[in-house]
Every structure is written in structure tokens, then in C-alpha cells.
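Visitor: I like to see labels traced back to their cut-offs. Could you take me through a model that way?

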Amino acid sequence: MENVEKYIPVCECEGEDFMEIPLESDGTLSTATLSAYFPGVTGLKFRLDSYSPYRALRLYDGKFHAPEGSWAGHKFYCVHPKGDKRKLDEIDTKPSKGYNIMMCTDLIVLGLPYQLTETQMREYFVQFGKLVMVQIKRDASGNSKGFGFIRYEDYSSQAKALGQRHYVNNRWVEVKIPASKEGYYSKVPHKIFVGRLTEEISEPDLSTYFSQYGEITDVFIPKPFRAFGFITFNDASVAQSLCDEDHIVKGVSLHISEANPKSDQSRVYLKDNLFFKSVLC
């Protein structure tokens, strides 16, 4: 009986083997724990008996709560995003159409100060992890072209560098995946869009709250204030698990979604936010 209180049985779908997932000390199941075992899952469902329809498990404040106050006697199945039409057998037998998220690639660094040396460039970017290549592109006369390339030894270092803004020798520079490879790497987003922000919520507030789900590499609230912000996680599966959820921070309900291109998402959100405010007023 003690084991039931500390673990619950979860599987990908009916017919698969169950895995016992550990509960939190308060008897809830955190989304971070669930996504660590089942990346991409957005919810859980269960049946009262073999003839009953599925019921969705209640999710609040990043935690799943026991149905009717007790986990006992239930088995739970993963729920994936509606847009994901892949079947388990296809995932198991067909090669991935995306890319290996653990694979490193050359990163392009744009907007470099023209006086910057490769030694200085290495000294700055080594803070995120071991570098195997640092190169500043130069013209025939040996003058810097204002951009260069870096490559990390491991993927976690690359993710940290991509997830941050960089200020090198008194100048903001941009680190990104080259356009020729961008299509592959953009398929697994590390960044989430945080909507319905109020001016009372700061970047440290967001960092403090959302760090419970995983390592955060960057928090950004645009200025002038526009009622939304962005959070970047080191682990893409954590970012994905938080999408389409509402979280209460400092008494405000924040809506989390995938971070889409600026021109599309900010325009849509501002329109929705004006409607949201009008309803409250």
C-alpha cells in the first residue's frame, strides 16, 4: 500500500507496459517528472472501468492531482498534442524526419565587434562549455567581416549558448544556427511564450517560478512593456510539456504557448490581450 502512495502506473497507450512514476511529497505528479519519462506528453487520462469513457486528469499549477483525492486503483495513459498524428509503431520503426537533438553543429555569431580577436571570442563563449572551433571570418586584407563561427563539444553547451543573449566587448551579438541548417534544429523548440503578463511580474519572478520545471537559460520581457515575455529552457522537452497550460504567478494567470516567429505571435497575442482586458473591464 505504501508503494501505491509514492508511485503511479503510467504507459504510452493501452497494450504497452506500464512504468511506475514517482509522486511529489505532497502526493501530486509534476509535469517535469512526467515529461522526463514521456517527452512531449501534455496530459494524462484514465478509465473508471473497461466500459467507461476516458477521463482527463486534473492539471493545476504544473502538477497533476489524484482523481477524487486518491491514485489507488487507477492506471494512467499519456495524452499527446492533438496535432501530433504519429502512431507509436511509426515512431518505433520509422527513422526520424527531424534531427538528432543531441548533435552539435557550427553556430554563426553575427554582429561581432570588428576589433575582436579569436582569443577574446573564445574567452567569452567558453563560459557555456568546451569549444572545439572558434573562427572569425576575414576579408583578403585580414580585416574582420563582423561575423564568425563557433562549435561546442556537447549539445548541452550549444543549447545554453543558443538560449542566451550575448554582450561581447560592449556590443550585442547574435548566436544562431546557420540558415542552411535552421530548418532541422527549429523543430524542437526550447523557448516558450508567456502571455497575460502584468507590469508587476519581473524577469526574476518568472525565473523563480518556472525554474521548478527545469534549467532556464534565458528570461526576456520586451521593453517597452507589451504584456508578454519569453522563457528559454535548456531541455526542449520541458518547454514542450508546459505549452497550452495556465500558471498562476503572483496571483496572475499566465498562458503558456510555443514561441512562434515574432511577427505572427506578438501580433495575434496583442489582439487577444486587448480582448482579454476588455472582458475584465
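This is a predicted model: local features need pLDDT of at least 70, side-chain atom pairs count only at pLDDT 80 or more; totals for chains, interfaces and linings use all residues.

Visitor: What makes the pair of tryptophan 71 and phenylalanine 76 edge-to-face?

Guide: Rings of Phe, Tyr and Trp (its six-membered ring) pair if their centres lie within 6.5 Å; planes under 30 degrees apart are stacked, over 60 edge-to-face, and the rest tilted. By this rule there are 14 aromatic pairs. For tryptophan 71 and phenylalanine 76, the centres are 5.4 Å apart and the planes make 75 degrees, which gives an edge-to-face pair. Phenylalanine 147 and phenylalanine 149 also form an edge-to-face pair, at 6.2 Å and 80 degrees.

Visitor: Why is phenylalanine 147 called partly exposed?

Guide: Buried means under 20% relative accessible area, exposed means over 50%, and partly exposed is in between (1.4 Å probe, protein chains only). Phenylalanine 147 has 24% relative accessibility, so the label is partly exposed. Tryptophan 71 and phenylalanine 76, by contrast, are both buried. Across the chain, buried residues make up 38% of the 281 residues.

Visitor: How do you know that lysine 45 lies over the face of tyrosine 54?

Guide: A charge sits over a ring if NZ of Lys or CZ of Arg is within 6 Å of the ring centre and within 35 degrees of the ring normal. Lysine 45 lies over the face of tyrosine 54 at 4.1 Å from the ring centre, and arginine 47 lies over the face of tyrosine 54 at 4.0 Å. Ring pairs also link Tyr54 with Phe18 and Tyr77 into a cluster.

Visitor: Why is strand β14 described as largely enclosed?

Guide: Strands (E, at least two residues) and helices (H or I, at least four) are DSSP runs, numbered from the N terminus. Four of the five residues of β14 (residues 191–195) are buried, so the rest of the structure largely encloses this strand.

Visitor: What makes β14 and β16 a pair?

Guide: Two strands pair if DSSP finds at least two bridges between them. Five bridges join β14 to β16 (residues 228–233), running antiparallel, with phenylalanine 193 partnered by phenylalanine 230. Four bridges join β14 to β18 (residues 252–258), also antiparallel, and there valine 194 stands opposite isoleucine 256.

Visitor: Why do β2 and β5 count as edges?

Guide: Five strands form an open sheet of mixed pairing, in the order β2-β1-β8-β4-β5. β2 (19–22) and β5 (55–56) each have a single partner strand, so one side of each lacks a neighbour in the sheet. Within this sheet, three antiparallel bridges join β4 (residues 43–46) to β8 (residues 76–79), and leucine 44 is partnered by cysteine 78.

Visitor: Which residues count as contacts of aspartate 61, beyond its neighbours within four places in sequence?

Guide: Contact means heavy atoms within 4.5 Å. Aspartate 61, in the loop between β6 (59–60) and β7 (63–64), is in contact with Tyr209, Tyr213, His247 and Ile248, leaving those neighbours aside. Aspartate 61 and isoleucine 248 are 187 residues apart in sequence, yet 6.5 Å apart in space, C-alpha to C-alpha. With 29% relative accessibility, aspartate 61 is therefore partly exposed.

Note on methods. Residues are numbered from 1 along each chain as its sequence is written. Side-chain values use heavy atoms; hydrogens and water are left out.
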